[in-house]
Amino acid sequence: MPALIQRPLNQGLYQQALAEGIHPLLARILAGRLEEVQGSLNSLVEPSLKHLVAPRLLKDSNLACQRLLRAIQNRERIGILTDYDVDGITSHVVIYRALSEYFSVPVERLSSLIGHRIKDGYGVSDALVNRILDQHPLPDVIITADCGSSDEPRLARLKAAGIDVVVTDHHALPKEGPPPSALAVINPTRKDCSYPDPTLAGCAVSWLLMSELRNHLLEADIIPPDTPKLSELLPFVALGTVADCVSLGGSAANRAFVTSGLKLMNASTAPCWQAFRRLQGERFKSFTASTLGFQLGPRINARSRMADPYAALHYLLADNLAAASRQLELLDSDNQDRRYVEGEMTRTALETARQQVDQDFQSLVAYVEEGHSGVQGIVASRLVEKYGRPAVVATPGREPGHLSASARSVPGVHIRNALQRVDDLHPGLLVRFGGHQGAAGLTLWGDKMPAFQKAFEQAVLLQLENRRLEPSIYTDGELPGELLNLETQQLLDKLEPFGREFEAPLFEGSFRVEGLRTIGADQTHLLLEVASLDSSSLYKAIWFRALPEQGAPLPVEVGQQVRLAYKLEANHFRNQTSLQLHVSQAQAERG
């Protein structure tokens, strides 16, 4: 069972928060998550678009805008090439709508080019380039989003065909630097880029470039002076930012994108958001970062990774509620299929991972022969959650002899850098790879899997510097009994949005179990009633997936004293709102 570890506090940041008038509990939460903050904490605690840095600071943005301005002036054909995940799809929506609705580019001059997870693979693949080059007429210019930084050979083929390529991306660049065959490379991770935040999602980079293009078009008198800013597209940026798990900790930009996007989304009557409200029914209150990360995002990813990526695009671009609802039904159906496939793959991968943990491996590499490539990343995340180690999950690739794989990491291990070291020291193991700190995709040779596993383990150990990884749950310590109330829950909500590197507050404490029963369709969740040890107060608590399967022994009993890791949440039932503890872990302890 994962150990409960209280987050160490950054005392300097804690004192800064108190000096700025921030509530002591909120100061404690901030100081347990952030390492350093430039200037005031206001940009993080009260996210706002006013904290965004001018997009012109993005390297190559002027070059890209001049080329796109010329394409619009000369009525050229523009291709939009994006990845198939949520970040890629939302980037596509941002670029497509900016060009067609704000900049009046006729839709017949726009080509949507999205790679198919199974047929094409990720990024700017050879298969996707083949399809592009078979088009007549060819695009004159292509804008990539969420991909392209590591695709020089394919970009060279497009350039040779007379197509200018503007790359927008957020993935780490190869050690050789930006791909030379691209006309422009807009990527905040570039070493020569002046933009101060390298943690942006692909959709945010796309939005910034389109905003800068709007400025260029206004200066050239190509669009009317009253052309609105692109704020209406921020809900898509919020969705992609949350779903791609970029940092929501020290990034004022990401927090501003998500906060502003959610506010507009909740006020919007756009068909896609209306359809999701209808699907959720009466229990749906409002869009939150959690809604995007755990409900809407997975539905888009399921369809895009398991089948046709265009269904998700059509859902987000739908111009009426009926069309949006039809597409959302497809996404929802595929999400159910994805859950079944995920469950089967996870069982197989966990068995492999357990054997590696028993051998004291600090990294996990699992091959699932009957697996689906579209679920690799989710299964890798399950291994990370279970064993607290970076994980790679591979399945058969599209090409003979190839394996396709996804990797997920833990704090302190930069997964893309680890793969770069593997490639540097063992050329020929990897066919190709790309990604960022927390996640990566790769293709490797099937007969070299043992050699890859050894090389990957060595690369991870180098980053750990003698530190040993164990499954653990980081908490914000104990919460005094007088703070176990709805007022505290509402106070903590002021720190939204929560996400990667800025997780929702999680507390630990000892309670006595006064009642419990299994609930849910498969009877694997527990509904508990627990009593605080320092008062007579009783609290309702919900523990999802407390049992591994229906009929399994209960992990706790009535009358036991237990140590809980829990979050505070508001439970809405029959027009009544009460405090509920959302349990992440419960362990019996001696009374």
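Colleague: What phi does C245 take, where α9 ends?

Modeller: C245 follows α9 and has a positive phi, near 55°. Helices here are DSSP runs of H or I with at least four residues, strands are E runs of at least two, and both are numbered from the N terminus. The model is predicted: local features need pLDDT of at least 70 and side-chain atom pairs pLDDT 80 or more, while totals for chains, interfaces and linings use all residues. Residues are numbered from 1 along each chain as its sequence is written, and side-chain values use heavy atoms, with hydrogens and water left out.

Colleague: What makes helix α9 mostly covered?

Modeller: In α9 (residues 234-243), nine of the ten residues are buried, a term that means under 20% relative accessible area, with exposed over 50% and partly exposed in between (1.4 Å probe, protein chains only). Among them are F236, V237 and L239.

Colleague: How do you know that the length of α17 agrees with its number of residues?

Modeller: The expected span is 1.5 Å times one less than the number of residues. For the 16 residues of α17 (residues 449-464) that gives 22 Å, and the end C-alpha atoms are 22 Å apart, so the two agree. Just after α17, E465 takes a positive phi of about 55°.

Colleague: Why are F507 and Y566 called a tilted aromatic pair?

Modeller: Rings of Phe, Tyr and Trp (its six-membered ring) pair if their centres lie within 6.5 Å; planes under 30 degrees apart are stacked, over 60 edge-to-face, and the rest tilted. The search of the whole structure finds eleven aromatic pairs. F507 and Y566 form one that is 6.2 Å centre to centre with 45° between the planes, so the pair qualifies and is tilted. F507 belongs to strand β13 (residues 507-519) and Y566 to strand β16 (residues 561-573), so the pair ties together parts 59 residues apart in sequence. Both F507 and Y566 are buried.
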